[in-house]
Every structure is written in structure tokens, then in C-alpha cells.
Amino acid sequence: MKKIKIGILYGGKSAEHEVSLQSAKNIFDALDREKYEPVLIGIDKSGTWFLSQHKNLLNETAGLTRFPVDSTGTPVTLLPEHGIAPADVHTLDSVPAVDVIFPILHGPFGEDGTVQGMLK
């Protein structure tokens, strides 16, 4: 059975950034790995999106005062007709395709429909 690749989009510029980290961790932990393959997409507090190379990164969120987005990961963006893509669009094959994106963002740009509209 082919696993569904779920992009978990978390973090962001909101004051509720740390709440988003905990929510993403809860979802990441609850996913049935036999059916779903999570792809972590973190947004740092400045708004830069990163593809995390560390599947266990969200397991390190006990101290949520430190931002656990892997800023050494591949910077990514959204492209129409492609979805998540590396910020350097000349390397499109370096980012895994996702079947669906689960935006776990709180506050402005998260709960106001901005990101959902962009994903649509």
C-alpha cells in the first residue's frame, strides 16, 4: 500500500508560534506510520520555510523557548502546479512531493485563511 505523504506545516511568524510547535508535535506523534509519511515543513519566526531533514526534530520540543525548525534544512516555497518546492527552483527534484498539506499554524497567517488560500 502506498503511503500518503502529509506535509506538516508548522511554526510561523505569529505570537502563537510555540503553540503551533506543540500542535505539530502532537499530530506528528499521532500519525499512523503504516498509512502516512510525514514531511515536516517548518516556518521560522522571520517567515522562512524550511524542509526539515530530521524526522525526530519535533520530539525535541520540551523546551519550546528554542525554535526547533531545522534552519540548515532545504529552504522551500510554494509553486503553482508543483506544491512544495525548493527555494532554488532549479533543483525541483530535491524536495519530496506531498499529497496533502496539514497547516498547523495559529494566529495571523494561520487561522485567518491566508495560508489555506495560498495552498488552494
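Which helix supplies the largest share of the lining of the second largest pocket? In this predicted model, that share comes from helix α2, residues 114–119, with three residues. The space in this pocket comes to about 170 Å³. Its lining is made up of 14 residues, and those closest to the pocket centre are Lys 13, Ile 43, Trp 49, Phe 109 and Val 115. Sorted by class, seven of the lining residues are nonpolar, six are polar and one is charged.

Ile 43, Trp 49 and Val 115 also belong to the largest nonpolar core. The largest share, three residues, is that of β2. Apart from this core there is a second one of nine residues, with Ile 6, Ile 8, Tyr 10 and Phe 28 among them. In soluble globular proteins, nonpolar side chains tend to be buried together.

The charged side chains come next. Side chains of opposite charge can pair when their charged atoms come close. The model has three salt bridges.

One of them joins Lys 2 to Asp 99, with an N to O distance of 3.8 Å. The partners come from distant parts of the chain, 97 residues apart: Lys 2 is in the segment before β1 (4–11), and Asp 99 is in the loop between β5 (83–86) and β6 (100–104). Lys 2 is exposed, at 66% relative accessible area, while Asp 99 is partly exposed, at 45%.

Another salt bridge pairs Lys 45 with Glu 18 at 2.8 Å, N to O. Lys 45 sits in the loop between β2 and β3 and Glu 18 in helix α1 (residues 17–30), so this contact ties together parts that are 27 residues apart in sequence. Lys 45 is partly exposed, with a relative accessible area of 47%. Glu 18 is partly exposed too, with a value of 24%.

The remaining salt bridge is between Lys 25 and Asp 29, whose closest N and O atoms are 2.5 Å apart. Both residues lie in helix α1, and because they are four residues apart, about one helical turn separates them. Where do these two partners stand, buried or partly exposed? Lys 25 has a relative accessible area of 17% and is therefore buried, the cut-off being under 20%. Asp 29, at 41%, is partly exposed.

Note on methods: Residues numbered from 1 in each chain as written. Predicted model: local features only at pLDDT ≥ 70, side-chain atom pairs only at ≥ 80, totals over all residues. Heavy atoms only, no water. Core = buried A, V, L, I, M, F, W, Y, C linked by side-chain atoms within 4.5 Å. Buried < 20%, exposed > 50% of the residue type's maximum accessible area, 1.4 Å probe, protein only. Helix = DSSP H or I, 4+ residues; strand = E, 2+ residues; numbered from the N terminus. 1 Å grid on protein atoms, 1.4 Å probe; cavity = no way out; pocket = protein on both sides within 12 Å on 5 of 7 lines; lining within 4 Å. Points joined across faces, edges and corners; volume = space filled by probe spheres on them. Nonpolar A, V, L, I, M, F, W, Y, C, P; charged D, E, K, R; others polar. Salt bridge = Lys/Arg side-chain N within 4 Å of Asp/Glu carboxyl O.
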